[in-house]
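Thanks for coming. I have one structure to go through today, and I will keep to a few features of it.

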Amino acid sequence: MTDVRLRRGRSSLAFSFLVQGVAFALLVTRIPGIQDRYGISDGLLPLFLAAVPILAGVASVATEKLVARVAPSVVLRWSQPVVLLALPAVGAGDALWTAAVALGVFGLAVGALDASMNMLGVSLQRAYGRSIMLGFHAAYSLGGIAGASLAWAGAHWHLSLFWSYLPVVVALAPAAFLGSRWYVDGTAAAGGGGVGKGGALSFRLLLPLCLVMTFAYIGDSTVSNWSAKYLQDVLGSSEEAATVPYNAYMVTTLLGRAVGDLGVRYFGASVVVRAGAVLAACGFGLVAVATSAWVGIAAFTVLGLGLSVIVPQTFAAAGRLFPEHSDAAVARLNVFNYVGFLVGSPLVGALGDAWSYRGAMLVPMVLVLVTVVYATSFGARGARYGGGHERPRTVDVG
C-alpha cells in the first residue's frame, strides 16, 4: 500500500468525519424548530428523539453483517449521502408521519455511517502504524462546531428548516461522494499482537470497552442536554450565558482530539485514557460544587478536554483486541454509543427532579471515573504508541 494512497485515504476519511459532524449538529441544534414545525408535543418529543439512536443501533448491528459481504468503504460511500439528504426531508414535510419517516431514515443511515466510518479509521490506523484516530474525531468536532454555527445563522435569519439545510447538503453531498473514491479499506491483521487473534469475537473481552463507551456518552449527553439548564437554573446565569458551556465544551473537545494522538504516541493509549477520565471526573466534580456561572463554564471546559480522548481510543482499542475481527468489534462497540445517549439524558433529568441537579452531576462523574479501572484494556503501559499493531518506527505518510 503506497504512502500516497494512505495520505489520500486519511484525508478523505477525515473529510467524511467532518461532514458527519456538520450533519449531526444541524439536526440536534434545530430540534426546537422541528418540534414547532410539526407541532410535536413535549410528551411525544422524547419518543421521536429516542427513535433515532435506537434505529442507529439496529443499523450498526446490521452493518456488522453487511461488511462481511461488501467493504466498509462501500457502506460509508452510500450511507453518507442518505444522512445528508434526510436533513432537507426533515424540513420539507408538514405532516407528523413525514417527520417520523425522515428521522427514521436519518437514524438508520447514521448507524451504518458511524460504524463503517470508524471501521475505516481503525484499519487505516493499523496501516499507518501509529495513532491517528483522535485526528479523525477532531475533524468530527470541527464539523460539529461548523454545523452548530450554521444552525445558529439559519435561526438568526429566520430561515425555514428546509432552506437552512438545503445549501449545506448541496455543497457537502457531492464533495463527500467524490472524496469517497479515495477511501482505503483495511485487511485482517496478519501477525501477532491481538488478544482476540485467531479466535471468534468474544463479547466478554469486548465488554469493558462497551462500558467505557457507554459511560463516555453518558457524560457527553449530560453536557449537551443539561449544561444550559444547569447554568441557568442552578447557578443563576442569564439565558445568553447559558449557551456558553456547550460551545466551550466543543472547542476544548476539538483541542483535546487535535493533540491527543501525540500523547498516545509518546505515552501509550492507557495513560492518555486514564488522564482523560480523571480530568473529566474532576470537571463533573467542579460542576457539582460550582458557586458561580463562570466556575460552571470553566468546569464544562475541563470536561471537554477530559472526555475528548476516550471515545476515539475505545474504537482503536477494539481494533487492537480483535485485529482479525476489527470490523465486527467496531460495529458492536458502536451500539453502546447510542446506549449512552439513551441512558444519559433521562438519568440525569430524573435524578435532578427527584434529588438535585448538583447531586445528579456526581453520577456521570463516578461512571467516567470507572474508566480508570478498565484502562488496561487500551494496551500495555509499555506500548508507547498504544498497541501491538502500531509500529514504533514507521514512514511518516502524512
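This is a predicted model: local features need pLDDT of at least 70, side-chain atom pairs count only at pLDDT 80 or more; totals for chains, interfaces and linings use all residues.

Let me start with charge pairs. Side chains of opposite charge can pair when their charged atoms come close. How many salt bridges does a search of the whole structure find? The search gives 2.

One of them joins Arg332 to Glu64, with 2.9 Å between the closest N and O atoms. This pair connects distant parts of the chain, 268 residues apart. Arg332 belongs to helix α13, residues 326-354, and Glu64 to helix α3, residues 45-66. Are the two partners buried or exposed? Glu64 has a relative accessible area of 13%, and because the cut-off for buried is under 20%, Glu64 is buried. Arg332, with 29%, is partly exposed.

The other salt bridge is between the side chains of Lys229 and Asp233, at 2.8 Å from N to O. Here both residues sit in helix α8, which covers residues 203-234. They are 4 residues apart, or about one turn of the helix. Lys229 is partly exposed, at 33% relative accessibility.

Next, the surface. Which residues make the nonpolar patch of about 380 Å²? They are Ile54, Val58, Leu108, Leu342 and Val343. Helices α3 and α13 each contribute at least two residues to this patch. Those are also the helices that hold Glu64 and Arg332. Ile54 is located in α3, and with 46% relative accessibility this residue is partly exposed.

Now to helix α5, residues 96-128. How does the span of α5 compare with what its 33 residues should give? At 1.5 Å a residue the helix should span 48 Å, and the C-alpha atoms at its ends are 47 Å apart, so the two values agree. Of the 33 residues in α5, 26 are buried, which means that the helix is largely enclosed by the rest of the structure. After α5 comes Gly129, with a positive phi near 80°.

Last, the cysteines. How many disulfides does a search of the whole structure find? The count is 0. As for individual cysteines, Cys210 is buried, with a relative accessible area of 1%, whereas Cys282 is partly exposed, at 49%. The cut-off for exposed is over 50%, so Cys282 stays in the partly exposed class.

That is the end of my list.

Key:
Residues are numbered from 1 along each chain as its sequence is written. Side-chain values use heavy atoms; hydrogens and water are left out. A salt bridge is a side-chain nitrogen of Lys or Arg within 4 Å of a carboxyl oxygen of Asp or Glu. Buried means under 20% relative accessible area, exposed over 50%, partly exposed in between (1.4 Å probe, protein chains only). Patches are made of residues with over 30% relative accessible area and no salt bridge: like charges are joined within 9 Å, nonpolar side chains (Val, Leu, Ile, Met, Phe, Trp, Tyr) within 5 Å. Accessible areas come from the Shrake-Rupley method with a 1.4 Å probe; for residues, only the protein chains shown count as cover. The expected span of a helix is 1.5 Å times one less than its number of residues. A disulfide is a pair of cysteine sulfur atoms within 2.5 Å.
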